[in-house]
Amino acid sequence: MFEAIILAGGKGTRLKSVTGDLPKPMVDVGGQPFLYLIMKRLEKQGCRHIILSLCYRADYIIERIKKDKPVDIAVDFCVEVEPLGTGGAIKLAANMIENDSFLVLNGDTYSELDYSDVAKFSEATDLVICGVEVSDVSRYGTLEVDEFNNVKHLFEKGKSGKGIINSGTYVINKNSILSFASDAFSFEQDYVQNFNLTFRAFISDGYFIDIGIPEDYYKACKVLK
């Protein structure tokens with residue numbers, strides 16, 4: 001049984017033509033908020049506690065979830081008074097985690113990752129990143145691993161062709177993130193790029209989509225009916 005933090009605090013400016021003032025994770029996909037699909041998948045795969053990291057229109061999201069009750073497991077809310085960056089948001093929410101490690105994922109991406117397998121894979125590792133093999137990496141950051149799935153390098157967007165993309169899903173050691181010096185920082189730029197302990201990648205080839213732009217949002221609507 002694992003715990004998960006879902007980062008759902010962004011404004012989603014690239015999707016404004018679809019969402020208007022609606023928070024991006026709450027946009028409708030398959031007749032329900034996209035965020036609910038993620039929460040239900042986590043519950044189905046053994047998650048016992050979800051923490052939603054919120055900022056933009058946090059009150060609306062909290063009200064909807066308390067009313068709709070999309071899952072039966074424990075759900076807590078961690079609200080940033082002001083934006084702290086991805087790392088700061090994770091660190092703040094980590095104070096509500098009970099286990100020694102936890103899963104982190106984005107509230108605007110859907111993945112067919114087996115989260116229970118990811119949790120098991122992470123047991124002897126200080127930091128795990130989930131990579132997905134895709135035919136075109138051009139929209140995403142990518143990662144390079146060795147034969148033992150140790151992460152050698154993370155790359156920003158700019159590559160093309162087949163490769164392993166960064167799905168934005170991690171398993172993080174709670175004490176490590178809580179002891180990070182800053183309270184407002186980028187998780188990938190400040191924390192991950194400077195990480196010097198055991199860092200491995202869990203690689204899969206399942207379906208993955210980021211609804212951050214209208215084109216991919218409409219794709220998700222077709223696939224996730």
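**Pockets, a cavity and cover**

Mentor: Let's start with the lining of the largest pocket: by class, this lining has 15 nonpolar, 16 polar and 9 charged residues. Here Ala, Val, Leu, Ile, Met, Phe, Trp, Tyr, Cys and Pro count as nonpolar, Asp, Glu, Lys and Arg as charged, and the others, Gly among them, as polar. Keep in mind that this is a predicted model, where local features need pLDDT of at least 70 and side-chain atom pairs count only at pLDDT 80 or more, while totals for chains, interfaces and linings use all residues. Residues are numbered from 1 along each chain as its sequence is written, and side-chain values use heavy atoms, leaving out hydrogens and water.

Trainee: What volume does the largest pocket have?

Mentor: First the general idea: rolling a probe the size of a water molecule over the atoms shows where empty space is left. On a 1 Å grid over the protein atoms alone, a cavity is a set of points where a 1.4 Å probe fits but cannot get out, and a pocket is an open set with protein on both sides within 12 Å along at least five of seven lines; lining residues have an atom within 4 Å of a point. Grid points are joined across faces, edges and corners, and a volume is the space filled by probe spheres set on the points. In this model the largest pocket has a volume of about 1,000 Å³. It is lined by 40 residues, and the closest to its centre are Leu7, Thr86, Asn106, Asp108 and Glu188. The elements giving two or more residues to that lining are α4 (85-94), β6 (101-106), β10 (151-155), β11, α7 (187-192) and β13 (208-210).

Trainee: And which residues are the closest to the centre of the second largest pocket?

Mentor: Of its 20 lining residues, Phe2, Ser101, Ala119, Ser122 and Glu123 are the closest to the centre. Two or more lining residues come from each of β1 (2-7), β6, α5 (115-121) and β11. By class, the lining of this second largest pocket divides into 7 nonpolar, 8 polar and 5 charged residues.

Trainee: How many cavities of 30 Å³ or more are there?

Mentor: The count comes to 1 cavity of 30 Å³ or more, and the largest cavity has a volume of about 30 Å³. Its lining is made of Leu105, Thr109, Tyr110, Ser111, Tyr115, Ser167, Thr169 and Phe208. The elements that give two or more of these residues are β7 (109-111) and β11 (163-173), and the largest share, 3 residues, comes from β7. Sorted by class, this cavity lining has 4 nonpolar, 4 polar and no charged residues.

Trainee: How many helices and strands does the protein have?

Mentor: Helices (H or I, at least four residues) and strands (E, at least two) are DSSP runs, numbered from the N terminus. This protein has 8 helices and 13 strands.

Trainee: What radius of gyration does the protein have?

Mentor: The radius of gyration is taken over C-alpha atoms, and the globule rule is 2.2 Å times the number of residues to the power 0.38. With 225 residues, a compact globule would come out near 17 Å; the protein has 16 Å, which agrees. Along its principal axes, the C-alpha trace spans about 45 × 40 × 30 Å.

Trainee: Is Lys222 buried or exposed?

Mentor: Buried means under 20% relative accessible area, exposed over 50%, and partly exposed in between (1.4 Å probe, protein chains only). Lys222, in helix α8 (residues 214-223), is exposed, because its relative accessible area is 64%. Ala58, in helix α3 (residues 58-68), counts as buried because its relative accessibility is 5%. Across the protein, 50% of the 225 residues count as buried.

Trainee: What does Ser204 touch?

Mentor: Contact means heavy atoms within 4.5 Å. Ser204 sits in strand β12 (residues 199-204) and, at 15% relative accessibility, counts as buried. Not counting residues up to four places away in sequence, Ser204 touches Leu113, Gly131, Val132 and Glu133.

Trainee: How many residues of helix α2 are buried?

Mentor: Helix α2 (residues 34-44) is mostly covered, with 8 of its 11 residues buried. The buried ones are Phe34, Leu35, Tyr36, Leu37, Ile38, Met39, Arg41 and Leu42. Just after α2, Gly46 takes a positive phi of about 105°.
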